[in-house]
Every structure is written in structure tokens, then in C-alpha cells.
Amino acid sequence: MLLRLVPEFELRRDVVPWLAERGCAAALDTSENSALYVVNVERNGKIIYTWKENQRNTHIGLYDLQTKQNEHLYMFEKNLHIISCSINNERTLLAVSFCQYTEEERATQLLQSVSKYLTLLIEIHPINNVRVLKAVDSCVRVQVIQKSGQLPRAKVVDDLVWAQWDMMEQRLFYIVPKLESHLDIAVNDTQLKLVNFGYDYCQDQDVASKSLNLQVFTSKAGGLCVCCSQVSNIPHEIIYSIYFLHKGYNKTFTVSLERAESHQLKEVAFMNLDYYVAAYLPGQFLHLLNIQHPDMLCYSLFLTGEDARIDTLQNCSIQSPWVSAVLDCNAGSLYDVSISDSALLQLLQKSKRDCERLAALHCALLYFQYTEDLEMQIIRWISENLSTCHSFDPIQEFIIASLYCRMCPETQNLDKLLPYTSLHDWIGAVPGVICATDIISLPVLEFQNSKGFWEKLNSNLESVKYAEPHLHYHSKVLRREWRNLSEEREERRTTAYLRNIFENAKKVLSHLDTWDSEARLVPLFEEEDYQQQLLMGLMVAQLKDHLMRHLQYVGKKKIEQIVLDYVANLLNLVHRIMKEVWRRYQLHSCIFCFDERGSAAEFAVFHIMSRILEAANGMCMPLPPGFHTLHLGLGVRCLPLHTLLHYIDNGLLQLTETCVRKLLKDLDDTEQNEKLKFSIVMRLPEALGQKVRQYWNHPINANLIARKHVKLLLEKLGNRQCSRPIPERLSFPVEFLPLNYLTNMLAEIENQGVQPYEKQDHVNVRFVEETALKHTMTLLGLKYS
């Protein structure tokens, strides 16, 4: 079961034994028709309940979740149907709302304008000296009032058809009849329904069938959702809507039920899980909707069958008095509700649909934040399912979503500026579910200096006005700038702009914490990598500019710290994946050598590294220092030569100085190794080639050096002509006139100061002469001595 329910309070367990000790036998009946029921759950977690004694006296009691103790608060010497109670912290004032008349009694008093409900504010200390402070005809719950001498007389509203008390924020949501609704909810023929009040509407089938099944949920991130189930004219079809008021649109879901008996169809129950809203129909489905990112259906989990089963909730008389709490009104039980991490991981592992995998992955990261064990299991799942996810890249989603969850809680509004997914849209659909999206009007908040939830809600509404999706950072500009700077010539890399870019990269590398005691488990080399450092520095610069534009109230130093944390965490996440993969396949740091072929485990790790590289290229994100060196080393060990060269030619493997130098020095010059070395050397960029070719003392390499030397000399010569007699430079005569002419011309070029290899003294005319002569003799099949 995905949702885990822990009983916090049960009338049968926590109250009935206490009542039995007091001799209240009439209250021991806990059936549906019992007079013992919960009337309120206070913000501090105290539970107020009521029971009747011989259908004459109505009692009010309180249960403290902290002390696990019951307390008798007050008794009415009358049979009352209490719908609401609230008590102040000092336990001196008790507000009680109850029904004055039944519907039949009120119908006989047509000429009297009498409210159905009455609210009393009673002083209960001392209990034997009861004094009623105020009685008000009202349909609303009364708050705890600090100054009892200045009680307000204004009514909230004359009439209403639906009301819900927001316990945590101390706000009342209500709907008035015969008024146009901006949410397009039909309310004209609806009977009165009170949510989070003690009135048990489920006992009255007529009221239940006509009442509006609607609940309002708030989240600590400033989310405001209206959840409503609607009546469908089609048998075995359920329709419910979620109005994301903080986003400016609603989603209406139509679910076709399979093999459902008509008597089993009940109302959809809604539960508040803070980051998620759950829509639950017992025996049918459980739908978890992400309220922070409801734009794409793939971030919501729709479960049926065994996955959707909740044993302890078999009916729909369910309320969420606060976040992650469920009150079963019929049973009088309060549960702490949460998503089970083990069940979520099992769902991730066994799911066959991309939509479920993606939703479960994001749910695990968002809901559970950061736990090392959970992260390890997700990484293991990713490494086993790289080829089974067709609609998204699991590595990309893991890195982006992990960064989002780690960074956003620290700074307000950062969640609107950082990317939370690599996907731009989602084409797929959930089988059996039809979703329709409609734009709705944004709520207007008429207050100033709002704090807490209301401040965050107002910030969300402002973001919607300024087209929030366009505020998220993306890598298009980064990719273009990185490509442009990568192609610039060496002499242009000393500008002030580039110096600043590389200074950013140094700050990121000094910010890393990856080089811990386990760092050498993965033999990543702390080496200079121009391309990756360039990308790191550019990402820091562009992300900093992006945040500075939209977080003007945050200091420059704070933003710089956020950006450095973001890029460093990105590198750490890649390193974390590498460590888990390395540990799983039991590799060791000595793997980076070329004297033997790679094992099956090494090939599996090489494949995973290739997918990491593919994910990084797709998002234009930097990789840890030494990643390309290790990747190339594993490729040399694991791949056939033609495949290795194909990977290099297509950019899947990048030639690094560390790896190529080690390859040229460590491998002996067998025929197969000579072919490998020559193929690698021929593909080296010019600048890198000048650095590493000297480590291979072989005629093939000498010939290559001579050829490139001559080529560069002739290219630099251009149309220049020799202006003076050519001195004799040969140490011995060569009876090959073309070679004599070439060496004499090269000598003249060198005399004129054209030196393409100024740092390599061994490359000169004599070297070229001998190399060319050897090459000619070899081609002619002659011996050279």
C-alpha cells in the first residue's frame, strides 16, 4: 500500500475505556448511530468530542495527543446535536455551535426567522459557576478569542451552503448560494455541508446525496487547491476536479471504472499531503496529484488495484483536519498519513509505464527530500533501467529533480527560477483517465503585510501573472556560448572575460566535497580539463545573472553562494552515481591500466558512463574532473579497436592528455598496440598532439612528427621565395635530388625564423631528413644503415 496510516487517536481505544470508568454505559456504543463522535481537531492537536447520557445530557470532552489524557469540559442538560467546539489555550473559554431545530421543526415555524444553528461562548472555569458570555445566531465556527470583553458582533455572512474551517491558518472558506462562482461549481441545489465540523452529514442520506463534496487544501509552499467531485450521468464513471488557484487553472479528471457494482460507488475522498493532494475512491483508485507542478500529468501517480488499497479507510467519510492527517468521521479515528518510501520504491521498480516511473521518481525525491539510503536505491534502479525508459532520461530527471529539491527550500521563490525537469512537455496519457485543463481566474488577496502561507500564495500568484514557465533557467544560451568559446583560438583565451569564467570554475572546484575518504573508490583524476572548466564557469556566470534579475531582494553574495552550491551539487550528484555504480559492480581504483582486457562488470560501468555523458550533453551540464579520462580508459579496455575509434570520431569518447600519455607510455609496441597507438595519435588535436607524442619513441610516431613539421613549415612559407644561396647542411651526401631540394628549402625556411615547433628542439631539418630517408628506403624495399 502506497499510503501508510498510523493511528493517532481512536474513540474506541482512547475514549471508551475512560468513559467506562466514569460509568457512562450509554456512550460505549461506537456504531454509526452512536452519540459519541468527534466535533473538532484543534490546531495544537487536541481533539474535542461529545457524547450523550440517556439521551438527556450532552457532554463535551477533550483528548490531549501529547499527554494521552482525557478531560471533561462541559455538560448541557439537554439533548443537543453539537456541530463544533473550540477551546482557548488556557481552557477557560469554550465556543459551542449546535443545531437549534431539526429540518422538520424548522419547517413548522414558517413565520419565525430563526437560525438553524446557535453559537455559545461559555466560561467554563470554574465549571460549577457557569456564565454564558455571548450567544450569537450564526452558521460559522467561533475562534479562540483573546479579549473576551471586546467580542465582535459582525456576521461573516448571512447564508451559506458550504463551509470549511482552515485550522492551521485560522481562516474560514465558504460558499454563498445564488451567486456566480468563478470556479464554475454548481451550488444552487446543494444542501448545507460543513467540512471539518462535527456535523455528521453522512448519517443523513438525503443530505449526503445533494451536498457538495468539496474541500480546500493549503500547503506550506503557498499552494491553494479546491478539490471537488461532480455527479456524472454515465454509469460507472467518476468525475472530479482540482482547482489549482495558485496556478490559475484547474484539471478535471474522468475515470472509467471496471467491474464496479453500483452500490460500491461512493464519493471521492480528498486528503492533504502538503506537496500532494490525494483523490481516493475505496476499492477503485488512488490518485496523487503534485500541486507544485500540476502542469504535466506525468508528475501525478494514478494507481489502481492492490497499489491503491488502504485497508483502514473503507468508506468516504474522510476529512483532512491538517496536513498529513486523516479523520475518519464515522469511526472517530484520526490517522497520521504519509507516503511509504518502501512501497514507492517497489512501485518504481515494478512499474512498466513511463508515466508511473517518472511520477514515482519525482515523488521520492520531492516528498522524502534527501536520504542517502533512498538515493542509493534510486541510483541502483536507474543503472538497471537505462534502456527501459523511452519517454525520458532517468539520469537527467534524477539530477535535475535532486538539485531542485536540495536547493529550493533554502531561498524563497527559488523554486520558480530553477528547472525541475528536463522535459518540455508530456505526450503520453494515463490509461483509463481523461484529463481536461481549463484556465480560471486568479484569486484576489485583499490584505497587506501578509506573512507565512499568505505571503507565499501571493508570491505564487505574482509568478503566474508573469508567465512562470518562462522564468525557469534553461541551457540554450549556455550551450551556444560554450560552443563559441570552445572554438576560439588559443591566443584569445586570455581576455578578462575568460579569466573571470575560469575563476568561477576554480571556486566551484574548491567548493566540492566529493573528494572524501571514498573518493578514490572511483579513480577520478583531479586534472585540468579546459572544456569542462569552461562549462562550469559559464554555468556559474549565466545562472548568477538569471537569479540576479529575479531575486533582486537577495544579496549578491547570497546569490553567488547559491550558484556555487548548485553547480557543486551537480558535480557531486554525478560523482555519487559513479560511486554507487562502482560499488555495485565491485570495481577498484586499479582498473585504470591497459595491460589486459576489461571484464563484463567494466563494460557495464562503461555503458552507464556513456549514458551519463549523453545525459550531460543533452542538458549542457559539466562533469567532474577526470570523468572523460576514466571513460576513455574503460573504453580502451572494453571496446574492439574499430568500435573504440568510432566512439572517438563521433565524440562519445574524448581524448584526454592523462589517458593518452598513459596509453603511449604503458603499452608495449606489439603489432596490435602499434595499431592502437597510431590510430589514437592520428586523431589527437594539434595542441594535445604536441604535448603527448614525445612519450611514444617509435619510428611511426617520428615519421608522423616529421610529416606535420614539414606541413606546417610549408604552410607558413606561403609564397615566400628563397633569397640567397642555400648552405650545405647535410652531414653526408644523398643521391636523391628531390630530397636534397626539400631539405635545403627547409633549412632556408628555418634560417628565416619560421619555427612552428619552437618548444621541441628535436624537430629539425636533420630529423626530417633522416625520417624521410628511412621512409623512402622502406617504400623501395631497401635496407637503411
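I worked from a predicted model, in which local features need pLDDT of at least 70, side-chain atom pairs count only at pLDDT 80 or more, and totals for chains, interfaces and linings use all residues. Residues are numbered from 1 along each chain as its sequence is written, and side-chain values use heavy atoms, with hydrogens and water left out.

I looked up the open sheet of 5 strands, whose order is 13-14-15-16-24 with antiparallel pairing; strands are DSSP E runs of at least two residues, numbered from the N terminus, and two of them pair if DSSP finds at least two bridges between them. Strand 13 (214–218) and strand 24 (433–439) are at the edges with a single partner strand each, so one side of each has no neighbour in the sheet. Strand 16 (residues 249–256) is joined to strand 24 by 7 bridges, and I noted Asp438 in strand 24 as the bridge partner of Asn250.

**Helix pair.** I then checked helix 6 (residues 372–384) against helix 7 (residues 394–407), which pack at about 160 degrees with axes 10 Å apart; helices are DSSP H or I runs of at least four residues, and the axes are lines fitted to C-alpha atoms over the stretch in contact, with angles from 0 to 180 degrees between N-to-C directions. Helix 6 and helix 7 are therefore roughly antiparallel (over 145 degrees).

**Ser340.** Last, I found Ser340 in the loop between strand 23 (333–339) and helix 4 (341–350). Ser340 is buried at 6% relative accessible area (under 20%, with a 1.4 Å probe and protein chains only).

Methods: Buried means under 20% relative accessible area, exposed over 50%, partly exposed in between (1.4 Å probe, protein chains only). Angles under 35 degrees count as roughly parallel, over 145 as roughly antiparallel, 65 to 115 as roughly perpendicular and the rest as oblique.
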